[in-house]
Amino acid sequence: MTDHIIVEQPSVYPGVQSIRFNRPEKKNAITRAMYRTMADALNAANTNPGIRATALLGTEGCFSAGNDMNDFLAAAMGGRGLEQEILDFLYALVNAEKPVVSGVDGLAIGIGTTIHLHCDLSIASSRSQFRTPFVDLALVPEAGSSLVAPRLMGHQRAFALLAAGEAFSAEEAKEAGLVWKVVESGEVDAVTLGLAAKLAAKPPEALRIARDLIRGDRGEIIARIDEEARYFSARLKSAEARAAFEAFMRR
């Protein structure tokens, strides 16, 4: 467990589990321990009848700045690949058996963006910004994004996001299908949790079947996550990536 992730079942939102990033001093950069806590919470929800939906949230002004760069640098210097905790979280997210919604206020960088590709509904504040600087760090897309994003938003938007590293505003993310609705900053938590509570109140078996039909074969996504991970791990060990990480840490 880590205090940098807060897992709750708020009594005012029956049937909802909230998973909140709580590391604002580091812009909610995600450590290995944070990935593990989130994976465990998602997996536990699958077998807990008291949880019918999960809401992913950040803090005021920041959803997540992405993976903790110290972890990436340590992996690069140690010759390791993508850490298992990251993969376990992605598997848990893709294989979640109950609806997952997300609420973004402010920065959503790297996996802070790609996580929403696997959410059933995402809310963003009007000041939110989505960006994936993978190539700028000498890395490659992750989280199955190279498969899901082009299907969702078309080749050019997906290329702009994942390869060119272009930032998307909240409205651009909505137009691309990355988020469902844009609201004001102070409304993100209430709208996201309220939406999760609405889903939690629906007939669970009917909702499960509808969701499975809409989402389709998850095995294909898992296979792409694994393929990306092989490239990502190789890139982490590269001199090109090590130089990019060191330059980033000197900022």
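**Reading strands and helices**

Modeller: Let us begin with a pair of residues: Ala-108 has Phe-130 in β8 as its bridge partner. Strands (E, at least two residues) and helices (H or I, at least four) are DSSP runs, numbered from the N terminus. This is a predicted model, where local features need pLDDT of at least 70 and side-chain atom pairs count only at pLDDT 80 or more, while totals for chains, interfaces and linings use all residues. Residues are numbered from 1 along each chain as its sequence is written, and side-chain values use heavy atoms, leaving out hydrogens and water.

Biologist: How many bridges join β6 to β8?

Modeller: Two strands pair if DSSP finds at least two bridges between them. Here three bridges join β6 (residues 107-109) to β8 (residues 129-131), and the two strands run parallel. They belong to an open sheet of four strands, ordered β4-β6-β8-β9, with mixed pairing. Its edge strands, β4 (62-64) and β9 (168-169), each pair on one side only.

Biologist: In what order do the strands of the six-stranded sheet lie?

Modeller: That open sheet has the order β1-β2-β3-β5-β7-β10, and its pairing is mixed. At the edges are β1 (5-8) and β10 (181-183), each pairing on one side only. For angles, axes are lines fitted to C-alpha atoms, for helices over the stretch in contact, and angles run from 0 to 180 degrees between N-to-C directions. In this sheet, neighbouring strands are turned by 15 degrees against each other on average, direction ignored. Helix α1 (residues 32-47) packs on the sheet and touches β1, β2 (16-21), β3 (53-57) and β5, where contact means heavy atoms within 4.5 Å. The direction of α1 makes about 175 degrees with that of β2.

Biologist: Which strands does β7 pair with?

Modeller: Four bridges join β5 (residues 100-104) to β7 (residues 121-125), and these run parallel. Val-104 has Ala-124 in β7 as its bridge partner. β7 also pairs with β10 in the parallel sense, over three bridges, and Ser-125 stands opposite Val-183 in β10.

Biologist: Is β7 mostly covered or uncovered?

Modeller: Buried means under 20% relative accessible area, exposed over 50%, and partly exposed in between (1.4 Å probe, protein chains only). β7 is mostly covered, with four of its five residues buried. Leu-147, in helix α5, counts as buried because its relative accessibility is 10%. Leaving aside residues up to four places away in sequence, Leu-147 touches Glu-220, Ile-221, Arg-224 and Glu-228.

Biologist: At what angle do the axes of α5 and α6 cross?

Modeller: The axes of α5 (residues 145-153) and α6 (residues 155-162) cross at roughly 135 degrees and come within 7 Å.

Biologist: Which residues of α5 and α6 meet?

Modeller: Ser-145, Ser-146, Ala-149, Pro-150 and Met-153 in α5 meet His-155, Arg-157, Ala-158, Leu-161 and Leu-162 in α6.
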